[in-house]
Amino acid sequence: MKNIVAAATASIALMAGNAQSQEVLEMTSAFGQNLPILGTAAVDFTKNINSISNDVEFEHYDPGKLVPTLEALDAVSNGSVDAAYATSGYWQGKINAASLFAAVPFGPEAGEFLGWVLYDDGAKYWQQMYDDNGYNVVAMPCGIIAPETSGWFKNEINTVADLEGLNMRFFGLGAKAMQKLGVSTSLLGASDIFPALERGAIDATEFSMPRIDARLGFHKIAKYNYFPGWHQPATLFELLVNRDRWDELEETAQNQIRTACLATITMTYAEGEATNYAAMVDNVENNGVTIKRWPDEILNAFEGAWDEVVAELAADDPFFQEVWADLQEYRAGYETWSAIYLPRN
């Protein structure tokens with residue numbers, strides 16, 4: 001009996017010790033969990049890591065519960081928040097190269113992008129960007145989605161001139177290209193876009209894929225949905241962890257976090273591929289949306305504007321130039337492979 005009691009006491013003590021040693025990290029998300037894929041990705045990551053680790057536990061918080069979305073990077077860096085699920089494109093106003101690790105206009109699609117990040121130099125430069133700019137964070141890829149729509153417009157766009165003077169919500173590096181064409185751009189969080197459209201503060205918007213945009217109701221106001229999403233052929237998402245908190249974790253816990261992020265990459269990509277077409281059909285058949293493809297003239301104008309933007313950024317920012325050159329070198333090599341196996345129109 002004494003042996004049984006002693007064993008039970010030891011077992012309870014061991015469990016208590018494990019509970020006390022488990023690190024709990026509070027994580028803010030840039031996207032509300034009401035949003036399919038974008039918002040549920042952070043929730044799924046939290047469930048995944050918490051289900052496989054006894055060493056670390058993440059607590060998920062929607063945007064604004066801990067800090068506003070666009071303040072998440074600074075909050076993680078200074079330690080007021082342990083972690084953030086976001087996209088580096090939100091830091092474009094702070095770091096010129098930030099969107100090169102989020103979405104590149106006329107750039108790589110999902111498979112090519114992941115190859116550069118995971119098996120070439122992308123992840124190295126991603127972390128270096130934060131280190132060189134004084135951010136006390138560890139960054140890792142933690143989600144990806146395929147091409148977005150190019151935008152929702154209240155009126156049909158037939159020429160480049162029709163874009164001039166528009167006020168539009170736009171993301172990342174693509175916004176700089178739109179500005180070259182006379183569009184006034186602003187970066188709004190998901191919950192702020194519909195009210196801005198409704199009251200006329202903006203004339204048009206882009207946000208994400210059809211499945212995600214449907215939840216935000218853009219089709220109720222803007223009836224023209226344009227493709228392709230030249231500005232975001234693929235969009236990467238990141239997990240940021242305060243470096244001091246990261247260094248406190250055992251290597252096993254760190255590896256579990258990275259593994260949970262790799263699972264999230266798979267889930268976000270697959271879910272988007274599986275569900276977008278139904279949203280497009282619903283938009284046409286039930287929501288009165290007209291789906292349009294940009295004519296070559298306008299697509300060429302977008303690409304020309306982007307070429308100007310990237311040349312200016314590379315000339316003014318040595319780090320941007322280094323990363324851009326590395327990505328272009330990788331893409332040239334990738335073309336050897338993709339030109340053979342990918343169908344060409």
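Reader: Which elements do the buried residues of α5 pack against?

Author: The model is predicted. Helix α5 covers residues 122-132, and its buried residues are G122, Y125, W126, Q127, M129 and Y130. These residues pack against α3 (72-78), α4, β4 (137-145), β10 (235-242), α9 (243-248) and α12.

Reader: Which residue just after α5 takes a positive phi?

Author: Helix α5 ends its run of residues 122-132. Just after α5, a positive phi of about 80 degrees is taken by G134.

Reader: Is V138 buried or exposed?

Author: V138 is found in strand β4. Its relative accessibility is 4%. Buried means under 20%, so V138 counts as buried.

Reader: Which residues is V138 in contact with, leaving aside its neighbours within four places in sequence?

Author: V138 belongs to strand β4, and β4 is one of the elements that the buried residues of α5 pack against. Q127 is one of those buried residues of α5. With the neighbours within four places left aside, V138 is in contact with Q127, L239, L240, V241, R243, W246 and R258.

Reader: The charged end of which residue sits over the ring of Y125?

Author: Y125 is among the buried residues of helix α5. At 4.5 Å from the centre of the Y125 ring sits the charged end of K124.

Reader: Why is the pair of F31 and Y90 tilted?

Author: A search of the whole structure finds 22 aromatic pairs. In the pair of F31 and Y90, the ring centres are 5.9 Å apart and the planes are at 35 degrees. Planes under 30 degrees apart count as stacked and over 60 as edge-to-face, so with planes at 35 degrees the pair is tilted.

Reader: How many residues apart in sequence are the parts that the pair of F31 and Y90 ties together?

Author: F31 lies in the loop between β1 (23-29) and α2 (38-52). Y90 lies in the loop between β3 (83-86) and α4 (110-119). F31 counts as buried at 4% relative accessibility, and Y90 counts as buried at 8%. The pair therefore ties together parts whose separation in sequence is 59 residues.

Reader: What kind of pair do the rings of F45 and F58 form?

Author: F45 lies in helix α2 and F58 in strand β2 (residues 56-61), so the pair ties together parts that are 13 residues apart in sequence. Both F45 and F58 are buried. Their ring centres are 5.1 Å apart and their planes are at 80 degrees, so the pair is edge-to-face.

Reader: Is α11 oblique or parallel to α12?

Author: Helix α11 (residues 296-316) and helix α12 (residues 318-341) pack with their axes 5 Å apart, at an angle of about 125 degrees. That angle makes the relation of α11 to α12 oblique.

Reader: How many residues of the contact of α11 with α12 are nonpolar?

Author: From α11, the contact is made by W306, V310, L313, A314 and D316, and from α12 by P318, F320, Q321 and W324. One of the residues in this contact is polar and one is charged, while the number of nonpolar residues is seven.

Reader: Is E329 buried or exposed?

Author: E329 is found in helix α12. The relative accessibility of E329 is 60%, so E329 counts as exposed.

Definitions and conventions
Residues are numbered from 1 along each chain as its sequence is written. This is a predicted model: local features need pLDDT of at least 70, side-chain atom pairs count only at pLDDT 80 or more; totals for chains, interfaces and linings use all residues. Side-chain values use heavy atoms; hydrogens and water are left out. Rings of Phe, Tyr and Trp (its six-membered ring) pair if their centres lie within 6.5 Å; planes under 30 degrees apart count as stacked, over 60 as edge-to-face and the rest as tilted. Helices (H or I, at least four residues) and strands (E, at least two) are DSSP runs, numbered from the N terminus. Buried means under 20% relative accessible area, exposed over 50%, partly exposed in between (1.4 Å probe, protein chains only). A charge sits over a ring if NZ of Lys or CZ of Arg is within 6 Å of the ring centre and within 35 degrees of the ring normal. Axes are lines fitted to C-alpha atoms, for helices over the stretch in contact, and angles run from 0 to 180 degrees between N-to-C directions. Angles under 35 degrees count as roughly parallel, over 145 as roughly antiparallel, 65 to 115 as roughly perpendicular and the rest as oblique. Contact means heavy atoms within 4.5 Å. Ala, Val, Leu, Ile, Met, Phe, Trp, Tyr, Cys and Pro count as nonpolar, Asp, Glu, Lys and Arg as charged, and the others, Gly among them, as polar.
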